[in-house]
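Here is a short report on core packing and helix contacts. Look over the structure first, then read on.

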Amino acid sequence: MHENSALIEARIERFVRERIAPALYRETARVAITAWDVQDEPVPFDVAVKGKYRPFSIGQEWGAPWGTTWFHVIGQVPSNWNQDGTRPELVVNLTSSSAGPGFQAEGIAYAADGRILKALEPLNTYVPVSGPGDPVDLYIEAAANPNIAVDFTFIPTALGDKTTAGTDPLYRLRRLELGLLDVNVWELLQDVWTLTGLMRELPATLPRRADILLALDRMVDVVAPDDIAGTAAAGRAALAVVLAQPAYASAHKLAAVGHAHIDSAWLWPVRETVRKVARTFSNVLALMDEDPEFVFAASSAQQYYWLKQSYPELFARVKAQVEAGRFVPVGGMWVESDTNMPGGEALARQFVFGKRFFMEELGIEPLEVWLPDSFGYSAALPQIVKAAGSKWFLTQKISWNETNRMPHHTFLWEGIDGTRVFTHFPPVDTYNSNLSAKELALAQSQYAEKGVGSISLVPFGWGDGGGGPTREMLAAATRTHDLEGSPRITLSSPSQFFEQAEAEYAAPPVWSGELYLELHRGTYTSQSNTKRGNRRSEHLLREAELWATAATVLRGDDYPYEALESAWRTVLLQQFHDILPGSSIAWVHQEAERNYAEVAVVLNAQIGLSLASLAGPGSVELNFNAGPYEITGIPGLGGGVLGESRPTFASQTAAGIVLENEFVRVLIDHRGLMVSVLDLRSDREIVPEGASANLLQLFRDTPNQWDAWDIDESYKHVGRDIIEAVSVRIEGNAVRIERSVDSSTIVQLVNLNANSGAIDIRTSIDWREREKLLKLSFPLDLHAERAASEIQFGHVYRPTHANTSWDVARFETVAHRWVHVGEAGYGVSVANDANYGHDIRRGILQNGASATVVRVSLLRAPLYPDPEADQGDHEFLISLRVGAGIPEAVEEGYRLNLPLREVLGGVAPAPLFVVDNSAIVIEAVKLAEDRSGDVIVRLYEAHGSRSNGTLTAGFAWSRLVETDLIERTTGANAVVREAEASVALTLHPFQLVTLRFSRSAS
């Protein structure tokens, strides 16, 4: 038999493209179209129907960037559209753009009475209408969202800022008419799509491939080009045999979960996400009406919250399907947050707020954590997941690794405290599957657990910008449920998948530590002001809750529940994995920074009220310390009068300026560089001979792709040290250093902390660079095998060498408030008040000496998606503390981020809580979420050691229980015994503990 498969495939492809696909609608009918352009921000339906509509025609331009146009459509379904195997629809194509769903023009259709019908997007262009002879009267809200992605060519654009986007229309209305869908033709297209895709994935040597090819060839023979409608059934019959062949007994099983990843902001602002949620959820509800087997999973309580606020009727319909078990809330978090940079308490509150909403509003507690797209996963997360009452974890983002491939798809993930959580990476390598044969084959071939496991999950539905599953995807799932050559597809919920996967895999392998994404390392630094806003807001919330709780318990004040919850919701939203990482358009970050400023105003005002109440009347200068450790005589979580500070001296010498106190002597030369840092307590020089600390370094920053997201290792190839200074002079007991660097100016103020000897470096920058990376370098005369970096509720160790490809790929890492390096018996910490990106390596200096180099990433200036990213003023506070162990590093992190507050008053009350072991850190003090008045205190072990201690309360209490993060009583895990006013605790390394105190009746 002659080989002619390529010719047959070409025949099939052309016939489908030119004959079958155009016959999808047997007939079409015109409708009357009028349009109204909203002048500014979107308006609700009841306002839109009162607009002044103008006649509109196909091909006419519409939609200024970020604008909204409402189309009013009036018509009548032809009375002769009553043919068997047909269905009338309104067919709408808002644009001729080739961009995918969610990245360009989108619409949502309303009935004339205001009921939402479904959304309209590329690849989902129909709205069901009633039967023959019936009138059609509906409205379409069309959003002219610009295509900022542009096929991800990363071209800088002004479209991401509403003030620079312009007013010229972006789109032309391509199609808006009634169409009579030929159901047989549509089904034939789905048959052909499934079989053609499967055939192309099968080896040419398999008989199955030939069987499919010849069946498709026969289909072309029996379908008449001039009578597609009349012969489509014959075409389907020609394919029936190959579609009926069952899957191999050993075929991989895929649990197909309907899904729509909706970024809460990214290449569109938050206000547009609110509408994307409505569009996507309306699509899902419409599909549920068509297919009773369809199950859809959606995360992010924030998005349901928006729906309830802005689209209450749609929310009620969603709630009904939740009760039916078909619309499945997952994740249990407020948003799909970043997990690298949110603080420990903030990450805990993602679950507190998320689960509370799901349980209170929908009667559901999600048990699976659903984070398919976040940029790496903190080693603290397993403990937080379990403490929130969840049991499973899903992501697929690690499949984006540049260098190394994860060895598992289903495994136990172990966190820093030893907690393990059952975890799954879908081997399909996408969270936006359309259930194509190519994707299904990839999932089967890549699945790493073959032989011990047989099932993986595939999330299907258009996503990122929403959209969700389509009827074509459901047709593909039906056809591949049991199809020879394909994995077996079963529509499923996430919990059904996890239960099955867990049951069949009794002893999965263990991955210990962080799930580091070998990509998107620039997100630790991009959009510095957004990151500062997050850090500051987290600590203001700590202060506000602590002092409000104290004022309620000790002074009888009202607790500001609503104000605190509102602030938390803002901060939690902005920890979404494209906001806090700095990878969104300008509009998003401008709004985020305004929101942070408003949060600061509200919280500072509340803190002021609480402290005034606690201090009482008087004129004594009191200071309050919201940190866990004493500062200058002020106890942790308490107040008092400042003690005496140890003296610090600044003097000019021939070699430079010397800063000195009883702990450290620092020599700063004429260039403003630290050429000597002498630890006076141990008589040890920290700066290697010939090297300089406090060294600013500027690098070219032009990644291969993903500008705001990525720092490529090649940045190191082109860079320079900034050693020239405009001036270096003594200012009080500090040193002021001024520099001019290309288009930017940098001012540093260096002084010594009187109580610890830490060297505080306050750096103010007017940043005017583009595509450059600024780092602050500290070469240290230490031979450190590893570096400790603070993460949520503890720290993680990473090697400073590059022995393996995994080590090499980890060239930029994340840390919260501090990093620490050391040798046996000696170490140095570097703490910060607003930075996250670091690189820490052992290196050889120019003089050949070995050193450990700690660098803090200060600023970037990517051009996409925000061409003005990071331009303007910035301020950073970095401290270098010599002779520091992990305990001192922890203290420095809190000191920099929780400065003392000065208040005039009478006398400060004793702290609400005192712990007698510095390793046991109080992270949060608040009143209970149920508003019972119970006091919640959250603690963790911070040093990485088993720690015993006593917690003493400064108020009378009648009952104490341990709880989970949701404040539900658990068994005793840390409480050893209770006394009249105190509690004896034993915590294992990095253990997280939540205690609930019921106050005694006054």
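## Model

This is a predicted model.

## Nonpolar cores

The largest nonpolar core holds 212 residues. M219, F327, F913 and F997 have the most contacts inside it. Among helices, α16 (residues 586–615) gives the most to this core, with 10 residues. A second, separate core has 50 residues. Its members include I668, A787, A815 and V830.

Which residues does M219 touch, leaving aside its neighbours within four places in sequence? The partners are V16, I20, L188, V192, G235, A238 and L239.

## Helices α8 and α9

Helix α8 spans residues 312–323, and helix α9 spans residues 344–362. The two pack at an angle of about 90°. Their axes lie 11 Å apart. Angles of 65 to 115 degrees count as roughly perpendicular, so α8 and α9 are roughly perpendicular to each other.

On the α8 side, the contact is made by F315, K319 and V322. On the α9 side, F357, E361 and L362 meet them. By class, the contact residues are 4 nonpolar, no polar and 2 charged.

## Helix α7 and its cover

Helix α7 runs over residues 301–310. Its buried residues are A301, Q302, Q303, Y304, W306 and L307.

What covers these buried residues? The cover includes helices α6 (270–290), α8, α9 and α15 (561–573). Strands β14 (296–298) and β15 (327–329) also belong to it.

Definitions and conventions
Residues numbered from 1 in each chain as written. Predicted model: local features only at pLDDT ≥ 70, side-chain atom pairs only at ≥ 80, totals over all residues. Heavy atoms only, no water. Core = buried A, V, L, I, M, F, W, Y, C linked by side-chain atoms within 4.5 Å. Buried < 20%, exposed > 50% of the residue type's maximum accessible area, 1.4 Å probe, protein only. Helix = DSSP H or I, 4+ residues; strand = E, 2+ residues; numbered from the N terminus. Contact = heavy atoms within 4.5 Å. Axes fitted to C-alpha atoms, helices over the stretch in contact; angles between N-to-C directions. Parallel < 35°, antiparallel > 145°, perpendicular 65-115°, else oblique. Nonpolar A, V, L, I, M, F, W, Y, C, P; charged D, E, K, R; others polar.
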